[in-house]
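Here are some notes to read alongside the model. Please keep the sequence and the 3D view open while going through the points.

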Amino acid sequence: MFGISSGLIRQVLDGSRSSARKRMILPLHKGDAALLQRMLNAVQPGTYIRPHRHTADRAESIIVLQGAIQFLRFDDCGEIVQSLEVRAGSSVFGVDIEGGIWHSFLAVEPDTVLFEVKPGPYDPETDKEFARWAPSEFSAEAEAYLQNLTTSS
């Protein structure tokens, strides 16, 4: 057992600020084989989280500890079907999403910190399916797609 502290928050925020991806995940679980994956995820505005979905049996929960995100749910063609602001300390401060649903989120405020939980074990080859209709991270099209998501949500 250990406490989730302001020191851990500072550590993950420092990493997100210096990352080319503008985000950093700090796993809290013991390793990829853990049956419950728990992590702190620090995100900065401008990070691109490619829309993706997890298998039908892999739900995910996100609680915003600090800052805010715009959580997006998509249909199979890539159209936004739901957009929800999720903000620390507000009436909507978390989201729970079933597996099999296309989703992503945008960082609304600098230094946003999330607590995420999803089932393990973690296998990068099968953890998520990226949407074919969304550009890959760091591609030439990613910046324009991110701008479109920002204005559409």
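1. The lining of the largest pocket has 11 nonpolar, 7 polar and 11 charged residues. Here Ala, Val, Leu, Ile, Met, Phe, Trp, Tyr, Cys and Pro count as nonpolar, Asp, Glu, Lys and Arg as charged, and the others, Gly among them, as polar.

2. This is a predicted model, in which local features need pLDDT of at least 70 and side-chain atom pairs count only at pLDDT 80 or more, while totals for chains, interfaces and linings use all residues. Residues are numbered from 1 along each chain as its sequence is written, and side-chain values use heavy atoms, with hydrogens and water left out.

3. The largest pocket holds about 650 Å³ of space. Of its 29 lining residues, I25, K118, Y122, D127 and K128 lie nearest the centre. A pocket is an open set of points on a 1 Å grid over the protein atoms alone, where a 1.4 Å probe fits, with protein on both sides within 12 Å along at least five of seven lines; lining residues have an atom within 4 Å of a point. A volume is the space filled by probe spheres set on the points, which are joined across faces, edges and corners.

4. Which strand gives the most to the lining of the largest pocket? It is β1, with 4 residues. Strands are DSSP runs of E, at least two residues long, and helices runs of H or I, at least four, numbered from the N terminus.

5. The second largest pocket has about 160 Å³ of space. Among the residues lining it are Y48, F138 and L146.

6. The whole structure has 3 aromatic pairs. Y48 and Y145 form an edge-to-face pair, because their ring centres are 6.0 Å apart and their planes stand at 75°. Rings of Phe, Tyr and Trp (its six-membered ring) pair if their centres lie within 6.5 Å; planes under 30 degrees apart count as stacked, over 60 as edge-to-face and the rest as tilted. Y48 lies in the loop between β2 and β3 and Y145 in helix α2, so the pair ties together parts 97 residues apart in sequence. Both Y48 and Y145 are buried (under 20% relative accessible area; exposed is over 50%, partly exposed in between; 1.4 Å probe, protein chains only).

7. F74, W102 and W133 form one aromatic cluster. W102 is buried, at 6% relative accessible area, whereas W133 is partly exposed, at 25%.

8. Strand β7 (residues 94-97) has V95 and I97 on its covered face and G94 and D96 on the uncovered one.
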